[in-house]
Amino acid sequence: YYKFTFVRNPFARLVSCYEDRYIKDQRRMDKGKVDALYFNKYLFGYIKNVESFDEFVRKIVRLPNFLHDKHFFPQYNLIYGRNGKCAVDFVGKLKKIDEQFPPIQERFGLRPLPHKNRTVKGDWRNFYTLETAELVRKKYAKDISAFGYEGEYEKLIAYINRKETGAA
């Protein structure tokens, strides 16, 4: 078997979880959609009344990994075994899927990937403060290190600093 997966920048992934799962589900619930109650019931309402991304981050980073929902569970823990060995043959980056998937597709005769849950939103970096960036960096340190996202953290910090000084 040839096993492959694609990972996502942990900083962008957490914003997506917040926006596309938590906020979207709150709006769906407000419209009476009963299938949108998941995060209200998750861990007995642990994140039910979160009012901001900052508060969402603070709550998520306090949770031990075994209590994480699949939308914010560390990717490292899904791909690496307890022995620290990678369980797949290839790890690609979602941001580069258009160039990294075609060779796999051709090699195994796979169909094109559909793009589901496409959303149009602003810059995910605008959600972060220096504090929340550091909290996420610590929580997802293995993801950042194993999948080469250290540069993304540095870019995020530089962006926040420019934004705070009005240079953005």
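This is a predicted model: local features need pLDDT of at least 70, side-chain atom pairs count only at pLDDT 80 or more; totals for chains, interfaces and linings use all residues.

Entry 1: I started with Y18 and F56, and both are buried (buried is under 20% relative accessible area, exposed over 50%, partly exposed in between, with a 1.4 Å probe and protein chains only). Y18 counts as buried because its relative accessibility is 6%. Residues are numbered from 1 along each chain as its sequence is written, and side-chain values use heavy atoms, with hydrogens and water left out.

**Entry 2: ring pairs.** How many aromatic pairs does a search of the whole structure find? I got 17. To pair, rings of Phe, Tyr and Trp (its six-membered ring) need centres within 6.5 Å; planes under 30 degrees apart are stacked, over 60 edge-to-face, and the rest tilted. The Y18 and F56 rings have centres 5.1 Å apart and planes at 50 degrees, so I wrote this pair down as tilted. Y18 sits in helix α1 (residues 10-30) and F56 in helix α3 (residues 53-62), 38 residues apart, so the pair links distant parts of the chain. Helices here are DSSP runs of H or I, at least four residues, numbered from the N terminus.

**Entry 3: Y18 again.** Y18 also pairs with F127: the centres are 6.3 Å apart and the planes at 75 degrees, so that pair is edge-to-face. F127 is in the loop between α5 (97-108) and α6 (130-139), so this pair ties helix α1 to a part 109 residues away in sequence. I found F127 partly exposed, with a relative accessible area of 25%. Ring pairs link Y18, F56 and F127 into a cluster that also includes W124 and Y153.

**Entry 4: charges over rings.** For a charge to sit over a ring, NZ of Lys or CZ of Arg must be within 6 Å of the ring centre and within 35 degrees of the ring normal. I noted R107 over Y2, 4.5 Å from the ring centre, and R125 over Y159, 3.8 Å from the centre.

**Entry 5: helix α8.** Which residues of α8 are buried? I listed E152, Y153, L156, I157, Y159 and I160. Down the axis of α8 they fall within an arc of 160 degrees (taken from the axis to the C-beta atoms), so they line one face of the helix. On the other side, E154, K155 and T165 are exposed. Just after α8, G166 takes a positive phi of about 80 degrees.

Note on methods: Helices (H or I, at least four residues) and strands (E, at least two) are DSSP runs, numbered from the N terminus.
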